[in-house]
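Subject: Structure handover

Hi,

Here is the structure I said I'd pass on.

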Amino acid sequence: MKEKEYRQHPAISRSALFKIAESPEKFKYYQDHPEEPTPALIFGQVLHKIILEPDTFSDQFVIAPKVDRRTKAGKAEWAEFIESAKDKTVIDEDMFFTACEMKEAMLCNDFAKRLLDGEHEKPFFWTDEMTGEECKCRVDCLTAVGDDLIIVDVKSTNNAETEAFTRSAIKYGYDMQVAMYCEGVEKNTGKKPLFVFIAIEKEPPYAINIMQADELLHRRGDDLFRELIGIYHDCKQTGNWYGYLGKYNQINNLALPAWLAKEVE
């Protein structure tokens, strides 16, 4: 299944579901008004494509030529280029070469290279038993090492040091990704997988870190998944995509955080 077909499938994905953590109102708005991809998101897509599906890179991306668009000739050349690019994502040379250098740095590590020796960009679909909602995930790489089935996820980051990446994992819902992807793979294969992140920094020397999600991270992610899929199901059933005032439209209490309240007490 191609990425476009996967994204158009109506099942709920981890990235979409995580937006409910902000509020169901914002989730519904983003669903009805898709955001334009940010430069950071585009870079992540480029990196994944170069690492995981290099043979089809040119199907999705095209590198912009260096032309002086202030001149008549440059404007004409640029217009011709845009016409030829059609619906492909236009990127510059710097982005492309940075992604290539990151790939080279990653594959120089024997552990990373071995972990990525599996099936790339594999989609899974399943029905959540508690809510009946259709779910989906697209695994960067599914590989086997001995008797272990391992989900491998590539993340580009500003800081791949373990504690710093842990903070990012909590902030961006990577713990929920662990739980949701593991559930999807187990539902389809009958085998409980492990989950490993390969984090690579965006600046030279493109340092990498390889981290296996532990049981507590998985458990927290599962709790979050259960909470958000429950909210999603309830909102679909009731049509009430509520905002910050909550399901019952109640005024919130503005209070000091616990650590600051101690200073006042």
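This is a predicted model: local features need pLDDT of at least 70, side-chain atom pairs count only at pLDDT 80 or more; totals for chains, interfaces and linings use all residues.

Residues are numbered from 1 along each chain as its sequence is written, and side-chain values use heavy atoms, with hydrogens and water left out.

Helices (H or I, at least four residues) and strands (E, at least two) are DSSP runs, numbered from the N terminus. Five of the strands make an open, mixed sheet, ordered β3-β4-β5-β6-β7 (strands pair if DSSP finds at least two bridges between them). β3 (119-127) and β7 are the edge strands with a single partner each, so one side of each has no neighbour in the sheet. From one strand to the next, the twist averages 40 degrees. β5 and β6 run parallel, joined by eight bridges; Thr157 is bridged to Glu201 in β6. Helix α7 (residues 93-107) lies across β5, β6 and β7, at about 130 degrees to β6 (axes are lines fitted to C-alpha atoms, for helices over the stretch in contact, with angles from 0 to 180 degrees between N-to-C directions).

Next, the cores. A nonpolar core here is a set of buried Ala, Val, Leu, Ile, Met, Phe, Trp, Tyr and Cys residues joined through side-chain atoms within 4.5 Å. Buried means under 20% relative accessible area and exposed over 50%, with partly exposed in between (1.4 Å probe, protein chains only). The largest core has 39 residues, and Ile151 and Phe195 are among those with the most contacts inside it. Another core, of 26 residues, lies apart from it and includes Phe61, Met106, Val152 and Tyr206.

Finally, α9 (residues 162-172). Its buried residues are Ala164, Phe165, Ser168 and Ala169. They sit on the same side of α9 because they cover an arc of only 145 degrees around the axis (taken from the directions from the helix axis to the C-beta atoms). Glu163, Arg167 and Lys171 are exposed on the face turned away from that buried side. The cover over the buried residues includes β5 (148-157), α10 (174-189), β6 (194-201) and β7 (208-212), with contact meaning heavy atoms within 4.5 Å. After α9 comes Gly173, with a positive phi near 75 degrees.

Cheers
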